[in-house]
There are 2 protein chains.
Amino acid sequence: MGTKAIRGTFLDFIDDPWKHVGDEAAATRFHRDGLLVIEDGIVADFGVYDEVAPRHPGVEITEIRDRIILPGFIDGHIHLPQTRVLGAYGEQLLPWLQKWVFPEEHRYSERAYAEEGTKHFFDNLLASGTTTAQTFTTGNLTCNEVFFEEASKRNMRMIGGLTGIDTHVPDYFANTPEQFYTDSKALIEKWHGTGRNLYAITPRFAFGASVELMEACRRLKQEHPDLWVNTHISENPAEIHGVLALHDDCTDYLGVYEKFDLVGPKFTGGHGVWLSNSEFRRFSEKGAAVAFCPSSNLYLGSGLFRLGRALDPEHRVLISVGTDMGGGNRFSLLNSLEDAYKVGMLQNTILDGSIVPSDQDLEESERNKLSSLRAFYLLTRGGAESLYIDDKVGTFDIGKEADFVALDWTAGPPAAPWHASLLLEKGGDELSLETVTDLLFGIMMVADERAVDQTWVMGELAYQKA
Amino acid sequence: MGTKAIRGTFLDFIDDPWKHVGDEAAATRFHRDGLLVIEDGIVADFGVYDEVAPRHPGVEITEIRDRIILPGFIDGHIHLPQTRVLGAYGEQLLPWLQKWVFPEEHRYSERAYAEEGTKHFFDNLLASGTTTAQTFTTGNLTCNEVFFEEASKRNMRMIGGLTGIDTHVPDYFANTPEQFYTDSKALIEKWHGTGRNLYAITPRFAFGASVELMEACRRLKQEHPDLWVNTHISENPAEIHGVLALHDDCTDYLGVYEKFDLVGPKFTGGHGVWLSNSEFRRFSEKGAAVAFCPSSNLYLGSGLFRLGRALDPEHRVLISVGTDMGGGNRFSLLNSLEDAYKVGMLQNTILDGSIVPSDQDLEESERNKLSSLRAFYLLTRGGAESLYIDDKVGTFDIGKEADFVALDWTAGPPAAPWHASLLLEKGGDELSLETVTDLLFGIMMVADERAVDQTWVMGELAYQKA
């Protein structure tokens, strides 16, 4: 692969913008004219062009003009075998699973279909600027083999694992706890740490797991403490009632996962719409993460995630953004940011006290406002931190894997270019961080994956918009 | 213009799908192979190709293949001079107006800028499949002249009028009640009923109107009882508190418009997020309409419109869908349907009693589910009924103006075609109403204005996707 360099306008994060209210720029690193030097796929140098270029005489430079280059986007929660059913009509979580999801996912037991679907899945990720995803598969071994094979072929930093379910599921789709354990072991041995693949012990959700299946998860985590754990939590009210009926020794949903020793660093619970304050505090204390999936939470009518509460500085919870495609109806994390912004603004109004005065909490209200810097922090450095892969991806720091995306602020619906021109007009001649901040907000609210012009994986161009 | 005919797959509505729960097909008219005959822009004949074609020997036929043809979309609430600020960051309604909207709208006092913006506005409407819009302008005469000139040039069925505001507004942007009255009179005389233009008396909102401005509106409506009235209502909690502080003789927001004799047929109140049950009943009794603007209500954090309550069969309120661009962040009513579906699903969960048992109302819960037939009814026949223009547009009935849109179910984000192929696979060889229903749902939830392949106005091709 050798050494190469990319010249362009770069933005990444050196800190959490929520820690810099009123001065979010302090959390960023912005080079209007920057140079990223890549050696065998790894960032070897990075900084202002005029400073970095002289250190690398003769290096081959690719110029990316009129684009904003960010670290590749990280999707904290997505379902590979739902690629084709995204946007299926009309149900809340539990009937939607039975009617649309399980039949489609079952088709991935057949290798040819799994290969077709997996190719679509990765093509869509790259077209959306997503270079890393923590992925649900199915409980079928073939589906998982195909996932890791394709991830290896694409050389992408992916997290995934056999997705176990044996309760509240059609017979044709159920795992047994023994098969779940045995197949998980085989996959862990073959794929965890092979290339860029990382393995997640994946009980689909507590509502779909017998005690025996949960015990198998506990055993896997004890035998492989370095593995990830990926699951769902507190998505839908009816689901929560169901979980607590199965586990009457637990007072809340998180308690079930705690009972089986799964909650700690590298644990991600998807959704968390209905998490209590106590659960948020325990997430925070244990270093566990929530994947916030706004498009899905709206699409399935699950509810409004309390982002401002999760980000309480005294009990801060690690957060990634997940598309939850196909519970989410869009592949692009830019669309997830749009919906996240909308969820945040609804919470902002609830918490400003203008509806019910006693609901007023102005600090929490403010934390729900998803500025573009907060938003893109979550897709990059913040997502990486929440998944404990920030030593590998999420910034342009030297030593990081060179995954990045080049965004075109003139692309999108027909309304996008004239809007962008207003921001540029306001910003003046030279592209400043302030203008870039405005353009990024336009990209997340007015555009969509059309703004993704290029996606690079390990220093190689993996997607170029047609 | 002469006689011409369009051959293709047509869908329109003969009734309200909410009246046919469990058999929404009974509200539709579907011709897999249909023929629409147009004479001088007006529907002259319509039906199954094999029946209609023999009645029109020699007519020139344009075939539109692999598309779903619907009546042109109707936007019940949109702001022309916000075309460029859509997607501006970070505020609820009232500060957003001050910071972003009034300065931009003020630029439309200058004819050249107004012409540029208005051209963008209409180009975006047509690219979104929108052929009719009830439009806010500004309080400036030039802006309104330009609006009606361009609408006339495009030959589109538009409703609009001088948008008056004199309270809670910067001085540079305020009307006086006298100027509002005089300029409105001039515009009414020149433009109402000229070509396809219709005039709406347009007090921006009660929070922005003095008693004198409201009196001017009352006088205009008394002098021109056939005119439309277009305004905002109950969008944001802080706004409502402000309105009731200005009018302490009124118990609710609707009462203010009632006090000035504005509420009746052809009255539309935009948003209505926080309307009480009493206000919904009075809307229903008086034949007044609400424009439901879901993208805006989410984007500005205004709240969740109670669609199922508005559609209570005992007190049914006339409803259109509005983008409220730029309070809404998208020009396309397809995106509004996406957000409307999401608002509806949140209400569906609230009202099923799974969160708070005493909130349970299963009938109202069900009415919040926005099936694709309900959704596209609102964009066409339903929207036309709510605006009292259903004698002119909204269906393919003989005598209607031939405005229509051809939708391409394979267009949209990269994920769209494979999703559509699943629906077609499920539907079998011949395109059935059931398959079209599924495809339309995919278009509103997975695609966007990219699905708009052609837009026709008065029987002429006005937009062809590149």
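## Interfaces and local geometry of a predicted two-chain model

Arg330(B) and Glu338(A) join their side chains in a salt bridge, with 2.6 Å from N to O; a salt bridge here is a side-chain nitrogen of Lys or Arg within 4 Å of a carboxyl oxygen of Asp or Glu. This is a predicted model, in which local features need pLDDT of at least 70 and side-chain atom pairs count only at pLDDT 80 or more, while totals for chains, interfaces and linings use all residues. Residues are numbered from 1 along each chain as its sequence is written, chains are lettered from A and ligands numbered from 1 in the order in which they are written, and side-chain values use heavy atoms, with hydrogens and water left out. Over all chains, the structure holds 92 salt bridges.

**Interface of chain A and chain B**

- Contact, defined as heavy atoms within 4.5 Å, links 68 residues of chain A with 68 residues of chain B.
- The two chains bury about 5500 Å² between them, and carbon and sulfur atoms give 57% of that area; buried area is the accessible area (1.4 Å probe) that two parts lose on being put together, summed over both.
- Between chain A and chain B, the count of salt bridges is 12.
- The interface of chain A and chain B also has 38 residue pairs in polar contact, with both residues at pLDDT 80 or more. A polar contact is a pair of N or O atoms within 3.5 Å; within protein, one must be able to donate a hydrogen and the other to accept it, and residues adjacent in sequence count only if both atoms are side-chain atoms.
- Among the elements that give two or more residues to the side of chain A that touches chain B are helix 2 (93–106), helix 3 (111–127), helix 12 (333–351) and helix 15 (416–427) of chain A. Helices (H or I, at least four residues) and strands (E, at least two) are DSSP runs, numbered from the N terminus.
- Helix 12 of chain A gives the most to this side, with nine residues.
- By class, the side of chain A that touches chain B has 31 nonpolar, 21 polar and 16 charged residues. Ala, Val, Leu, Ile, Met, Phe, Trp, Tyr, Cys and Pro count as nonpolar, Asp, Glu, Lys and Arg as charged, and the others, Gly among them, as polar.

**Domains of chain A**

- Chain A is assigned domain 1 (3–71 + 394–464) and domain 2 (73–386), with bounds from an automatic or database domain assignment.
- The centres of the two domains, taken over C-alpha atoms, are separated by 28 Å.
- In chain A, 36 residues of domain 1 are in contact with 37 residues of domain 2.
- About 3100 Å² is buried between domain 1 and domain 2 of chain A, with 68% of it on carbon and sulfur atoms.
- On the domain 1 side, Phe13(A), Trp18(A) and Met444(A) lose the most area to domain 2, together 26% of what that side buries.
- Five salt bridges are found across the interface of domain 1 and domain 2 of chain A.
- Across this domain interface there are 11 residue pairs in polar contact, both at pLDDT 80 or more.
- Several elements each supply at least two residues to the side of domain 1 that touches domain 2, including strand 1 (3–13), strand 4 (61–71) and helix 16 (433–445) of chain A.
- Helix 16 of chain A provides the largest share of that side, six residues.
- The side of domain 1 that touches domain 2 has 24 nonpolar, five polar and seven charged residues by class.

**Individual salt bridges in chain A**

- Asp16(A) and Arg316(A) meet through their side chains in a salt bridge of 2.7 Å, N to O.
- Arg55(A) and Asp45(A) form a salt bridge between their side chains at 2.9 Å, N to O.
- Arg55(A) lies in the loop between helix 1 (49–52) and strand 4 of chain A, and Asp45(A) in strand 3 (residues 42–48) of chain A, 10 residues apart.

- In chain A, strand 15 and strand 16 run antiparallel and are joined by four bridges; two strands pair if DSSP finds at least two bridges between them.
- Gln454(A) has Gln464(A), in strand 16 of chain A, as its bridge partner.
- The hairpin of these strands in chain A has two residues between the strands, and Met458(A) takes a positive phi near 50 degrees.
- In chain B, strand 15 (residues 452–457) and strand 16 (residues 460–464) pair in the antiparallel sense over four bridges.
- Trp456(B) stands opposite Leu461(B) in strand 16 of chain B.
- The chain B hairpin has two residues between its strands, and Met458(B) in the turn has a positive phi of about 50 degrees.

**Backbone geometry**

- Most residues other than glycine have a negative phi, and most peptide bonds are trans.
- Met325(A) and Gly326(A) are joined by a cis peptide bond with omega of about -5 degrees, and Gly326(A) is found in the loop between strand 13 (318–321) and helix 12 of chain A.
- A cis peptide bond also joins Met325(B) and Gly326(B), with omega of about -10 degrees.
- Asp40(B), although not a glycine, has a positive phi of about 50 degrees; Asp40(B) lies in the loop between strand 2 (28–39) and strand 3 (42–48) of chain B.
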